[in-house]
Amino acid sequence: MQKILDAILAGELGEVGNLPVPEFYRGVTLHADETEMFEGLAGRDKDPRRSLHLDEVATPEPAAGEVLVAVMASGINHNTVWSSIFEPLPTFGFLSRYGRTSPQAARHDLPHHVLGSDLAGVVLRCGEGVVAWRPGDEVVAHCLSVELHHPDGHADTMLDPEQRIWGFETNFGGLAELALVKANQLMPKPRHLTWEESAASGLVNSTAYRQLVSDKGARLKQGDTVLIWGASGGLGSYATQMVLNGGATPVCVVSSPQKAEVCRRMGAELVIDRSAEGYRFWKDEQTQDPREWRRFGARIRELTGGDDPDIVFEHPGRETFGASVYVARRGGTIVSCASTSGFQHTYDNRYLWMHLKRIVGTHFANYREAWEANRLIAKGHIHPTLSQVVPLESTAQAVHDVHHNLHQGKVGVLCLAPGEGLGVGDPELRARHETAINRFRVGPAND
């Protein structure tokens, strides 16, 4: 592994394909025999530091259409949090079902699960039939894994019945020194960014693009007012940038003054600190409080000069969904994914049906959407929202912090990269955007 890393750091990328691939590599794993370790505990009391391991695992051989990548950096997403606490289900069920679909997929059905749905790195080996990439290419990966044996996936790859999220519903993910991906997951690494910055955007940037910009999502247009929950977080921070770039007005909902300041550094002017203003959308575990919906809606109109949101960018789920449906304008759209506070949504359907609103479900992005989202990063129109970087050995602690919302933006992980700041290939483009690239690195995260 050290020889591979030395060649990458020396810029001798053409030599990478000639170097031997190690038989084992380090990866962040779950163990199948530990899936009941948190039985009886509430979700917030489940500690990823107990379930996540840094193990030596066997290196898979890339099959037809697959690529083995030396991972320089990766990132923490909420799906890694869910995996680590075995919610809503242990991921080994996903691996088992996938493994039954083909001999090639059977390699994923193992007693350990290497996690991670982001990466930036260098191609090491290509399987049979891979023509778009070769060893030495600098790449990032999106997390959509599909088989495309069914006609439904050919108009929109997200509709493939065998659609899965790599590193969550498949094995050999990006929180590791090596990763196995399908060749069509790869995209060019943005040349002006470091390894850790490049790895930060894949999942959340593509997800935000489909939710807001795509014709499969909310169809954002100039002049729209967009309510963004968790606007300084991993997903919301990309949504905020896209709304601003699209000539629309974001109303950013955050949970602390520090996070409000981050939104203002992105260029947002309308910010609601939900903690400071004390919104309590639930009276108790079973009962929501419509008075709080109305108070929240009045605050939005106060900030916007009387406008209700054309679009509500929804990802917290259970905690906020009733309020989201209520505050959206007549004919507006609530676009939903993730449900990080709970998957069971309850809302008053009168405000949907009688006011002609739409709820649109979205999940990650199709190939084209992921490519377009990465192109915005590469051109410097959207910037990574990296706030913190940890070594691979500290991944479990980082996942714990994301689980408890002790972060802002994205948390990056150095895998093979020995330190931050490496991998920049276009310093001139970087210099033009240096302030924007680093705006999430200013000041501590504080919930």
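A residue is taken as buried when its relative accessible area is under 20%. In this predicted model, aspartate 47 has a relative accessibility of 18% and therefore counts as buried. Aspartate 47 is placed in the loop that connects strand E1 (24-31) with helix H2 (48-51). A polar atom of the aspartate 47 side chain lies 2.9 Å from the backbone nitrogen of arginine 49. When neighbours within four places in sequence are left aside, aspartate 47 is in contact with Phe38 and His400.

Lysine 410 has a relative accessibility of 2%, and so counts as buried. The lysine 410 side chain reaches the backbone oxygen of alanine 200 at a distance of 2.8 Å. Alanine 200 is also one of the residues that lysine 410 touches when residues up to four places away in sequence are not counted.

Helix H16 (residues 427-437) has Leu429, Arg430, His433, Ala436 and Ile437 as buried residues. Viewed down the axis of H16, these buried residues fall within an arc of 100°, so they line one face of the helix. Cover for the buried residues of H16 comes from elements including helix H6 (195-199) and helix H14 (367-378). On the face turned away from the buried side, H16 carries the exposed residues Pro427, Glu428, Ala431, Arg432 and Thr435.

The largest nonpolar core holds 112 residues, of which Ile8, Leu186, Val226, Phe313 and Phe364 touch the most other members. Strand E3 (residues 66-75) gives the most to this core, contributing seven residues. Another core, of 20 residues, lies apart from it and includes Leu227, Ile300, Val312 and Ile334. Within the largest core, Val226 is among the residues that touch the most other members. With residues up to four places away in sequence not counted, valine 226 touches Leu212, Leu220, Val243, Ala248, Thr249, Pro250, Val251, Ile311 and Phe313.

Valine 251, one of the residues touched by valine 226, stands opposite leucine 270 in strand E13. Strand E12 (residues 249-254) and E13 run parallel and are joined by four bridges. In a regular strand, side chains alternate between the two faces of the sheet. Strand E13 (residues 270-273) is covered on both faces, with Leu270 and Ile272 buried on one side and Val271 and Asp273 buried on the other.

The cysteines were considered last. A disulfide is a covalent bond between the sulfur atoms of two cysteines. A search of the whole structure finds zero disulfides. For cysteine 143, the closest cysteine sulfur is that of cysteine 337, at 11 Å, which is too far for a bond. Cysteine 143 counts as buried because its relative accessibility is 1%. Cysteine 252 is likewise in no disulfide, the nearest cysteine sulfur being that of cysteine 263 at 4.1 Å, whereas the cut-off for a disulfide is 2.5 Å. With a relative accessible area of 0%, cysteine 252 is buried.

How values were computed:
Residues are numbered from 1 along each chain as its sequence is written. This is a predicted model: local features need pLDDT of at least 70, side-chain atom pairs count only at pLDDT 80 or more; totals for chains, interfaces and linings use all residues. Side-chain values use heavy atoms; hydrogens and water are left out. Helices (H or I, at least four residues) and strands (E, at least two) are DSSP runs, numbered from the N terminus. Buried means under 20% relative accessible area, exposed over 50%, partly exposed in between (1.4 Å probe, protein chains only). A polar contact is a pair of N or O atoms within 3.5 Å; within protein, one must be able to donate a hydrogen and the other to accept it, and residues adjacent in sequence count only if both atoms are side-chain atoms. Contact means heavy atoms within 4.5 Å. The arc is that of the directions from the helix axis to the C-beta atoms. A nonpolar core is a set of buried Ala, Val, Leu, Ile, Met, Phe, Trp, Tyr and Cys residues joined through side-chain atoms within 4.5 Å. Two strands pair if DSSP finds at least two bridges between them.
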